[in-house]
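Okay, thanks for having me today. I'd like to walk you through one protein model, so let me put it up on the screen.

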Amino acid sequence: MIKTRCSDALLYLAQREQGYVTKQAMNEIADILGISATDVASIVGFYTLYYDKPGGKYRIQVCTDLPCALRGAEDFLEKLCENWASAWARHPRWLVTVEAVMCLAACDKAPMFQVQSGEGLTYHESQTVESALKLVQSWQKGDGRA
């Protein structure tokens, strides 16, 4: 239990420093806790709040777990990415990262996603591709609403 709490705190600090948890940070955390770097990487890979790669200022994480998939989440994610790809010229690439995740605990309101940004964590339920793209456009305009 103590190692879990320590790993959470160390991962949080490492990610806050770089925006993601680097391999070097994972190795250092493993050394501090006396566990393997693979164990640290498995924690980073399991939780949606930690990243092992750099990403955009806003991270859109679409739940594609089975209940959400049955409500159209996979189709939503595919269409969102298709529409987003055609809009790259209008939006800086560093602004948004879109990724699939498992279980955000809102199955009855799918398609849904969470947005992680420097301002915190927000949830967007019962989404359409249009509503999601409108949100991204608001970020591009700079009003900062997550």
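This is a predicted model: local features need pLDDT of at least 70, side-chain atom pairs count only at pLDDT 80 or more; totals for chains, interfaces and linings use all residues.

Cys103 is in the loop between S2 and S3.

Okay, back to Cys103. Its phi is near 50°, which is a positive value in a residue other than glycine. As for accessibility, Cys103 counts as partly exposed, because its relative accessible area is 45%. That loop between S2 and S3 also holds Pro111. Here the backbone has a cis peptide bond, running from Ala110 to Pro111, with omega near -5°.

Now let's zoom out to the whole chain. The protein has six helices and four strands. Reading from the N terminus, you go α-α-α-β-α-α-β-β-β-α. There are 146 residues, and buried ones make up 38% of them. The accessible surface is about 8700 Å², with 54% of that belonging to carbon and sulfur atoms. And if you take the contacts with a separation of 6 or more, 62% of them are between residues 24 or more positions apart.

So, the sheet. In what order do the four strands sit? The order is S2-S1-S3-S4, in an open sheet with mixed pairing. Strand S2, residues 96–101, and strand S4, residues 120–124, are the edge strands; each has a single partner, so one side of each has no neighbour in the sheet. On average, neighbouring strands are turned by 20° against each other, ignoring direction.

Look at the pair S1 and S3 next. S3 covers residues 113–117, and S1 and S3 run antiparallel, joined by four bridges. If you want a landmark on your screen, find Val62, which stands opposite Phe113 in S3.

What lies across those strands? Helix H6, residues 129–141, lies across S1, S2, S3 and S4, and it runs at about 10° to S3. On the way into that helix, in the loop between S4 and H6, you pass Ser126. Ser126 is another residue other than glycine with a positive phi, near 50°.

Let's move over to the surface. Which residues make up the nonpolar patch there? They are Leu49, Leu121 and Tyr123, and together they have about 280 Å² of accessible area. Leu49 comes from the loop between helix H3, residues 37–46, and strand S1, residues 58–63. Is Leu49 buried or partly exposed? Leu49 is partly exposed, because its relative accessibility is 43%, and buried would mean under 20%.

Last stop is helix H3, where you'll find Ala37. Ala37 is also partly exposed, since its relative accessibility comes to 29%. How far apart are Ala37 and Met26? In sequence they're 11 residues apart, and in space they're 5.8 Å apart, C-alpha to C-alpha. If you set aside neighbours within four places in sequence, Ala37 is in contact with Asn27 and Ala30.

That's my tour, from the loop with Cys103 through the open sheet and on to Ala37 in helix H3. Happy to take questions.

Notes. Residues are numbered from 1 along each chain as its sequence is written. Side-chain values use heavy atoms; hydrogens and water are left out. Patches are made of residues with over 30% relative accessible area and no salt bridge: like charges are joined within 9 Å, nonpolar side chains (Val, Leu, Ile, Met, Phe, Trp, Tyr) within 5 Å. Accessible areas come from the Shrake-Rupley method with a 1.4 Å probe; for residues, only the protein chains shown count as cover. A salt bridge is a side-chain nitrogen of Lys or Arg within 4 Å of a carboxyl oxygen of Asp or Glu. Helices (H or I, at least four residues) and strands (E, at least two) are DSSP runs, numbered from the N terminus. Buried means under 20% relative accessible area, exposed over 50%, partly exposed in between (1.4 Å probe, protein chains only). Two strands pair if DSSP finds at least two bridges between them. Axes are lines fitted to C-alpha atoms, for helices over the stretch in contact, and angles run from 0 to 180 degrees between N-to-C directions. Contact means heavy atoms within 4.5 Å.
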